Amino acid sequence: MSRITTSTLQKMKDAGQKISTITAYDASFSSQFDQAGIHAMLIGDSLGMVLQGQSDTLPVTVDEICYHTRCVRAGAKNALVMSDLPFMSYATPEQTYENAAKLMRAGANMVKLEGGKWLVETIKGLVERSVPVCGHLGLTPQSVNVFGGFKVQGRDNEKALQMIDDAKQLEAAGIQVLVVECIPTELAKAITEALTIPVIGIGAGNVTDGQILVMHDAFGISVGKIPKFSRNFLNDTNSISDAVALYKSEVESGNFPGPEHSFS
């Protein structure tokens, strides 16, 4: 497989080909994912929960994301690598530029940040400074205390329309990929069709241009309850490599996620 770039993902959307994405935190797993042909990997601030045992993502630091980005990059020779800007690391444009530079130097091809139209000027500044950006709407885990928990977003008409508008504004500002999390399938479809850039879903039905899962959920090794939108692919296989291959094929065929993994 040749090196995956943002142009590759755009061509996949244009051709109607599904994009397979998963979180990664070290070289061993990123190498497995790379060999399986996973298109993109995210060093998510989810590491606070699945690696550190925190109750949410807020304690994660930029330096920790940088460390895991270097580890993932060592194993990912072809996949596009995205890294999260963690909580309060992009409160001002200047702060965002400095922290994004750290992640890019650590090996990221793209940075991801959570939020709507309030980020427009920051995103424009990043793009002007040659930093590719992935947006994130819906259930944005860094806002868990504002939401009052991990809840499905965009179920009422006003909030759904606001999310569509936010998505359009983020695209106009220059993001090249958008992640939508825990939103109704109908809303995910509307956003995907409204944008020309790839839309990656998690808990957003099979109508988006691709899927992402936290790797611990995909293999059934997360502590506590596995989210409704996930599936334990290791249950159906005999090895990690087979589980990754199954995840990729199920995403690309549109079989995953099914209705049982989606929200209305």
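Biologist: Is Tyr90 buried or exposed in this model?
Modeller: Tyr90 is buried, since its relative accessible area is 5%. Buried stands for under 20% relative accessible area, exposed for over 50%, and partly exposed for what lies in between, with a 1.4 Å probe and protein chains only. Please keep in mind that this is a predicted model, in which local features need pLDDT of at least 70 and side-chain atom pairs count only at pLDDT 80 or more, while totals for chains, interfaces and linings use all residues. Residues are numbered from 1 along each chain as its sequence is written, and side-chain values use heavy atoms, with hydrogens and water left out.

Biologist: And Trp118, is that one buried or exposed?
Modeller: Trp118 is exposed, with 52% as its relative accessible area.

Biologist: OK, how many aromatic pairs are there?
Modeller: Rings of Phe, Tyr and Trp (for Trp, its six-membered ring) pair if their centres lie within 6.5 Å, and planes under 30 degrees apart count as stacked, over 60 as edge-to-face and the rest as tilted. By this rule there are seven aromatic pairs.

Biologist: Why is the pair of Tyr90 and Trp118 stacked?
Modeller: The ring centres of Tyr90 and Trp118 are 6.2 Å apart and the planes lie at 15°, so this pair counts as stacked.

Biologist: Where do the two sit in the chain?
Modeller: Tyr90 belongs to the loop between strand S3 (80-84) and helix H5 (93-105), and Trp118 to the loop between strand S4 (110-112) and helix H6 (120-128), so that the pair links distant parts of the chain, 28 residues apart. Helices (H or I, at least four residues) and strands (E, at least two) are DSSP runs, numbered from the N terminus.

Biologist: What about Phe233 and Tyr247, how do their planes lie?
Modeller: Their planes are at 70° and their ring centres 5.3 Å apart, so Phe233 and Tyr247 form an edge-to-face pair. Phe233 is in the loop between helix H10 (215-218) and helix H11 (240-253), with Tyr247 in helix H11, so the pair ties together parts that are 14 residues apart in sequence. Both Phe233 and Tyr247 are buried.

Biologist: Which rings form a cluster?
Modeller: Phe29, Phe33 and Phe219 are linked into a cluster by ring pairs.

Biologist: Switching to strands, what do the eight of them make?
Modeller: The eight strands make a closed barrel with parallel pairing, in the order S1-S2-S3-S4-S5-S6-S7-S8. Two strands pair if DSSP finds at least two bridges between them.

Biologist: How many residues of S5 are buried?
Modeller: Six of the six residues of S5 are buried, so this strand is largely enclosed by the rest of the structure. Val133, Gly135 and Leu137 point one way from S5, while Cys134, His136 and Gly138 point the other way. In a regular strand, side chains alternate between the two faces of the sheet.

Biologist: What is the bridge partner of Val180 in S7?
Modeller: The partner of Val180 there is Gly201, and S6 and S7 pair in the parallel sense over four bridges. Gly201 in turn stands opposite Gln211 in S8, where S7 (residues 199-202) and S8 (residues 210-213) form a parallel pair over two bridges.

Biologist: Last one, where is Thr122, and what is it in contact with?
Modeller: Thr122 is found in helix H6 and is buried, at 5% relative accessible area. Apart from neighbours within four places in sequence, Thr122 is in contact (heavy atoms within 4.5 Å) with Pro93, Thr96 and Tyr97.
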